[in-house]
Amino acid sequence: MKFITISGKMHPGFDKILTEDAQEFLVKLHQMFNGTRKSLLERRTETHQKIIAGMNPTFLRETESVRKGNWQVDPIPEDLQDRRCEITGPAEAKMMINALNSGAKIFMVDLEDSITPSWHNQIQGQANLSAAYERTLEFSSPEGKEYHLNDGELATLIVRPRGWHLEEKHILIDGQIASGSLVDAGLYLFHNIKRTLEKGTGPYFYLPKLENHLEARLWDEVFAFAEQELGVTYGTIKATVLLETILASFEIEEILYELRGHMAGINAGRWDYMFSVIKKFRHVPEFIWPDRAQVTMTVPLMRAYTELLVQTCHKRGAHAIGGMAAFIPSRRDAEVNRVALEKVQQDKEREAQDGFDGSWVAHPDLVPVCTEVFSKAFEEGRVNQKHRMREDVQITAEMLLEFQIPGGTITESGLRNNISVGIQYIAAWLSGTGAVAIFNLMEDAATAEISRSQIWQWCRHPQGKLDDGRNITNEMVQNMIPEELAKIRETYGAAFNEEKMKQATDLFISLVNEDAFEEFLTIRAYDQLD
């Protein structure tokens with residue numbers, strides 16, 4: 001017997017997603033795995049307490065046999081072999097159509113960081129996924145423009161469900177709020193696991209926010225259970241893990257090992273990784289990062305984890321996928337467009353030279369740039385660089401914790417940028433949009449997290465000083481907020497939403513002022529969604 005209650009509004013078509021059988025499947029997933037999920041979240045807290053007590057993370061002694069063992073991940077499907085360019089975006093019809101038509105090899109369709117996880121967005125996103133496979137997905141803009149999928153080849157779909165820490169408050173199972181991860185993955189698999197195979201592809205995932213190999217093991221157990229329950233062969237589901245927490249970088253081999261039957265690769269999730277570093281070591285006075293723009297992928301810590309990622313993935317037969325270049329092109333401003341294309345090209349050239357097998361972009365106009373860079377880097381006849389073992393790389397635990405940013409400074413413009421980006425992004429998120437172009441950069445939840453966490457930290461340590469010597473204080477931030485709001489109001493003009501901007505400002509102020517650090521702003525913001 002199932003004990004499930006759905007409080008979300010049943011919009012047109014939702015009954016086809018939330019069928020009786022689909023609900024039964026969600027109940028099974030919850031009863032099998034939600035207890036372990038909660039225990040692992042408690043373990044995160046315990047681990048952080050050890051870091052606060054001075055116990056820095058390191059490579060695990062108890063899993064040394066895994067790192068020394070002779071093993072490989074299981075074979076990877078043909079349509080996941082060529083990953084030169086991957087485009088990302090939310091599970092919204094217009095953006096999905098543009099991404100699928102873009103010419104990218106892969107489209108990571110997002111139910112997590114670039115979508116506001118409102119009830120409507122999440123369930124409509126599921127409907128959009130099924131429609132994409134059936135090539136019936138379409139969209140009509142308010143201006144009357146029609147969007148349809150091309151008749152030719154489309155990008156291969158990979159779905160990013162919500163992380164283990166996020167919940168779906170509109171579904172109660174056995175009196176408990178359901179896991180957002182299990183709802184997203186469960187509904188997608190229930191409706192599409194066999195459909196994907198019929199269409200010549202497979203059920204593929206991007207797994208976010210993992211902090212250790214035990215969290216990867218839980219996903220592997222979910223996949224094995226789903227495959228058996230839904231009647232497909234073990235290993236049909238394939239997953240690419242986002243390496244976007246500093247703790248996971250000490251367990252790359254173990255994560256690959258736990259998911260070896262379902263593993264496709266690992267992606268360098270750079271923005272969340274930066275947020276994770278700030279969050280986990282926010283108590284350390286010696287660790288104060290400069291302006292976000294100065295923390296590039298060439299600084300020691302970021303270089304160490306990406307080189308280790310490439311080396312480890314290739315050693316075990318998995319793909320290594322580069323991170324998101326946040327610059328977005330402009331079809332209205334030639335100079336902005338030139339700079340964006342140049343920056344993205346430089347970023348992708350560095351990744352290709354380091355041995356990555358492909359990388360991410362956020363806009364269709366960047367697909368040719370990324371694709372060309374990796375095509376030139378690959379040896380003739382190859383569609384990836386998995387043969388490059390990077391045996392020259394020798395990364396120690398200390399190198400992963402090299403926090404110093406040579407020549408880094410905190411500037412007033414950097415502080416103001418964090419304030420403005422944080423408030424603008426939260427306002428957009430609360431309005432239902434999770435991917436937002438701000439100051440010619442594509443911002444999602446990760447970059448907003450960096451903005452507010454840096455300010456929180458700067459205000460709490462004596463080393464939090466501007467380059468002109470002024471201490472950064474809550475009072476200074478409070479005084480700057482009205483000035484930044486005035487600039488935002490002028491920029492937005494008639495589109496300025498007074499109510500949402502106030503709501504966002506209040507939330508932003510509480511996040512940077514409170515002594516207790518909120519682990520994820522999206523958890524607090526989620527409470528304010530219908």
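Reader: Which element gives the largest share of the lining of the largest pocket?

Author: That share, 5 residues, comes from α4, where helices (H or I, at least four residues) and strands (E, at least two) are DSSP runs numbered from the N terminus. Please keep in mind that this is a predicted model, in which local features need pLDDT of at least 70 and side-chain atom pairs count only at pLDDT 80 or more, while totals for chains, interfaces and linings use all residues. Residues are numbered from 1 along each chain as its sequence is written, and side-chain values use heavy atoms, with hydrogens and water left out.

Reader: How is such a space found, and what is the volume of the largest pocket?

Author: Rolling a probe the size of a water molecule over the atoms shows where empty space is left. On a 1 Å grid over the protein atoms alone, a cavity is a set of points where a 1.4 Å probe fits but cannot get out, whereas a pocket is an open set with protein on both sides within 12 Å along at least five of seven lines, and lining residues have an atom within 4 Å of a point. Grid points are joined across faces, edges and corners, and a volume is the space filled by probe spheres set on the points. Here the largest pocket holds about 1,100 Å³ of space. It is lined by 30 residues, of which I328, P329, H363, A437 and M442 are the closest to its centre. Two or more lining residues are given by each of β2 (85-90), α4 (93-100), α14 (412-430), β14 (436-438) and α16.

Reader: How many residues of each class are in that lining?

Author: The lining of the largest pocket has 15 nonpolar, 9 polar and 6 charged residues, where Ala, Val, Leu, Ile, Met, Phe, Trp, Tyr, Cys and Pro count as nonpolar, Asp, Glu, Lys and Arg as charged, and the others, Gly among them, as polar.

Reader: What is the volume of the second largest pocket, and which residues are the closest to its centre?

Author: The second largest pocket has a volume of about 620 Å³, and of its 24 lining residues W271, A293, V295, T296 and F327 are the closest to the centre. At least two lining residues come from each of α9 (270-280), α11 (334-354) and α14, with α11 supplying the largest share, 4 residues. By class, this lining divides into 11 nonpolar, 7 polar and 6 charged residues.

Reader: How should I read a pair of packed helices, and at what angle do α9 and α15 pack?

Author: Two packed helices are described by the angle between their axes and the distance between the axes. Axes are lines fitted to C-alpha atoms, for helices over the stretch in contact, and angles run from 0 to 180 degrees between N-to-C directions. In this structure α9 and α15 pack at an angle of about 25°, with their axes 8 Å apart, which makes α9 roughly parallel to α15; angles under 35 degrees count as roughly parallel, over 145 as roughly antiparallel, 65 to 115 as roughly perpendicular and the rest as oblique. The contact (heavy atoms within 4.5 Å) joins W271, D272, M274, F275 and I278 of α9 to A446, T447, E449, I450, R452, S453, Q454 and Q457 of α15.

Reader: At what angle do α2 and α6 pack?

Author: Helix α2 (residues 20-52) and helix α6 (residues 180-198) pack at about 135°, with their axes 10 Å apart, so α2 is oblique to α6. In α2, the residues D21, A22, F25, L26, L29, H30, F33 and N34 meet L182, V183, G186, L187, F190 and H191 in α6, a contact with 9 nonpolar, 4 polar and 1 charged residues.

Reader: And at what angle do the axes of α16 and α17 cross?

Author: The axes of helix α16 (residues 474-492) and helix α17 (residues 498-513) come within 12 Å and cross at roughly 155°, and the two are therefore roughly antiparallel to each other.
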